[in-house]
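Hi,

Here is the structure I promised to pass on.

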Amino acid sequence: MNKVIFELRNVCFSYHGKFPALRGIDISIGQGQKITFIGANGSGKSTLLHLLDGLIFADKGSIKFFGEELNERCFSDANFSRIFRRAVGLVFQNSDVQLFCPTVKEDIVFGPLQLGIERKEIESRLERVTSILNLNNLFERSPHQLSIGEKRKVAIASTLMINSDVLILDEPTAGLDPLTARHIIDLLLQENQSGKTIITSTHDLHIVEEISDTVYVLGQEKNIVATGSPEEILRDSRLLEDNNLVHIHTHRHKDKMHIHSHQHLEHHQ
Amino acid sequence: MSKGNNFIEYSIAGALSFLKESIFADEYATKEGFLQSLDPRIKVITFLLFISAILFTKSITISLCLYAICLALAYFSNVNMWFFLKRTWIFIPIFSLFIAIPAIFNIFTPGEVLFTLKLLGLKLIITQQGLFTAVLFVTRVIASVSFAVLLSITTKHFALLKVLRIFGIPQVFVMTLGMCYRYIYLFLEVVENTYLAIKSRVGTRLHYKKGQQIIAWNISSLWHRSYYLNEAVYNAMLSRGYTGEPALLNDFRVKSKDWVWLFFTTVFFVILLYLNRK
């Protein structure tokens, strides 16, 4: 079996100690896996990803990274912090948050510069990442001059530059046109084939099957309500309906009106 | 908003257009031209030499020559002359002209009489020394303002910020300024969109008190957003390995053209200093 990277046991988290965001989360993530968290808005997906990236810490329960407990204390050790940040990269849901430098180029190289990666290595990574994402002509632009799709690509590039073993993505295709979304999915699959672990949160069921080995469904109670392969999860219409992941709508076939839940699994069969 | 009570609308529109114009000015920095092709550090040093020469000179001719050099540099850098003159002559030089006018009279600058004016029974004497002082003052202001404006419009804003590092400004300060530059535009968009959203829902007629309430509420909402953004951006920085000591990219490259330009400007500066001593 693959090495376990993250192990979460009975993890609970609340904002300001008052507003629960996650309850009793038990997850195990192995090296090279493709994991997807699906759930409606406000189900705690982003919070869970921030916990995995060591940006916030659990109120209760334990999160282990390669068997070592993740807490605020271990991040005060500069050596551990550097190792962890080199190993785990997060693409934020809001690209405007992630792109804080005055130019695209500075944003892309920010991570490797902080992590003390050598200049030559940064340059070769820059060349590789920007040619994959076709960003060469955006280098001197300011992030405010970019479209949503370009911003998302730059945010992904800035995380890919770290060359981390674990890639965490918070709704990577939200608000993107189909072609850009496809491009990003292809890139994630490619990264996974090269051995990287891909952890994604989304409520876009179209992409779940492709980007997951295991799917976790987060419910309105901020807990995990189901786990399984993408086929198992996407086939369970009741589960998806109960968790606001599919909707019931009416549409016309020739002269007949149909009312049924709307999902897209059939397209992949 | 109702007629007569729409100063808020004008203020927002004015502030937005001013900031937008600043973005527009960045267009010259991306054009191909002589100044744009120079290394920003060399450019800043040589412009400081020019401005120092203007401050040290006691000659109107030298001051005007320096102004002519500035205009020539603007021309060879593909800067639209009308845009440049408008930007440099509005406010500062005009105000300096008003400030300089009293200096031409013998009350402030005694000296040889050039000619006499009679205004409302008052005898005003314009002295040669007074006129010289006033003209020198105005030419100095216009030349230095022009160099400063030319530097800012032919250099990308972030490059100017990075140049601060050569003067020993701490990296964290430079980075903070860079982030301010970055997020001013984000908030500018938020303000613009919020204003449009209000307009689309309330139409054009609104009691000024209600208008003030909406604006006050939006100021507080913007503050909340910036507070949230501050926390989120810090997390994004931590996620990419930031530990409190930022390492910034230094991609400046000094070419032989830069050295030649620096050499000639320095020689020119030394000659001007020599002429000034004579």
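Of the 278 residues in chain B, 42% come out as buried. Keep in mind while reading that this is a predicted model.

As for how chain B is built, the secondary structure amounts to ten helices and two strands. Follow the sequence and the order reads α-α-α-α-α-β-β-α-α-α-α-α. The radius of gyration of chain B is 25 Å, well over the 19 Å that the globule rule gives for 278 residues, so chain B is more spread out than a compact globule. Its C-alpha trace spans about 65 × 60 × 30 Å along the principal axes. If you take the contacts in chain B with a separation of 6 or more, 75% of them are between residues 24 or more positions apart. On charges, chain B carries 27 positive and 13 negative side chains, and the centres of these two sets are 7 Å apart.

Now for chain A. Here the secondary structure comes to eleven helices and twelve strands. A compact globule of 269 residues would have a radius of gyration near 18 Å, and the 19 Å of chain A agrees with that. Along the principal axes, the C-alpha atoms of chain A fill a box of roughly 65 × 45 × 40 Å. In chain A, 56% of the 269 residues count as buried. The accessible surface of chain A is about 12,200 Å², and 47% of that belongs to carbon and sulfur atoms. For contacts in chain A between residues at least 6 apart in sequence, 63% join residues at least 24 apart. Chain A has 29 positive and 35 negative charges, whose mean positions are 1 Å apart.

On to the aromatics, which I went through with some care. How many aromatic pairs are there over all chains? The count comes to 21. One of them is A:Phe13 with A:Tyr15: the ring centres are 4.9 Å apart and the planes sit at 85 degrees, so this pair is edge-to-face, the cut-off being over 60 degrees. A:Phe13 is buried at 8% relative accessibility, while A:Tyr15 is partly exposed at 36%.

Over in chain B, B:Phe50 and B:Phe147 make a stacked pair, with 4.8 Å from centre to centre and 15 degrees between the planes. This pair ties together distant parts of the chain: B:Phe50 belongs to helix α2 (residues 40–56) and B:Phe147 to helix α6 (residues 128–154), 97 residues apart.

Next, a couple of backbone angles. Most residues other than glycine have a negative phi. A:Asn134 has a positive one, near 55 degrees. Where does A:Asn134 sit? Its place is the loop between α6 (119–133) and α7 (148–160) of chain A, and with 55% relative accessibility A:Asn134 is exposed. A:Glu171 is not a glycine either, yet its phi is positive at about 45 degrees. You will find A:Glu171 in the loop between β7 (166–170) and α8 (178–193) of chain A. Is A:Glu171 buried or exposed? At 6% relative accessibility, A:Glu171 counts as buried, since the cut-off is under 20%.

Last stop is A:Leu167, which lies in strand β7 of chain A. A:Leu167 is buried, with a relative accessibility of 2%. Which residues does A:Leu167 touch, leaving aside its neighbours within four places in sequence? The contacts are A:Gly89, A:Thr159, A:Leu160, A:Leu188, A:Glu191, A:Thr197, A:Ile198 and A:Ile199. Of these, A:Thr197 is 30 residues away from A:Leu167 along the chain, and the two C-alpha atoms are separated by 6.0 Å.

Cheers

Methods. Residues are numbered from 1 along each chain as its sequence is written. Chains are lettered from A and ligands numbered from 1 in the order in which they are written. This is a predicted model: local features need pLDDT of at least 70, side-chain atom pairs count only at pLDDT 80 or more; totals for chains, interfaces and linings use all residues. Side-chain values use heavy atoms; hydrogens and water are left out. Helices (H or I, at least four residues) and strands (E, at least two) are DSSP runs, numbered from the N terminus. The radius of gyration is taken over C-alpha atoms; the globule rule is 2.2 Å times the number of residues to the power 0.38. Buried means under 20% relative accessible area, exposed over 50%, partly exposed in between (1.4 Å probe, protein chains only). Contact means heavy atoms within 4.5 Å. Lys and Arg count as positive and Asp and Glu as negative; His and the chain ends are not counted. The place of a charge is taken as NZ of Lys, CZ of Arg, CG of Asp or CD of Glu. Rings of Phe, Tyr and Trp (its six-membered ring) pair if their centres lie within 6.5 Å; planes under 30 degrees apart count as stacked, over 60 as edge-to-face and the rest as tilted. Accessible areas come from the Shrake-Rupley method with a 1.4 Å probe; for residues, only the protein chains shown count as cover.
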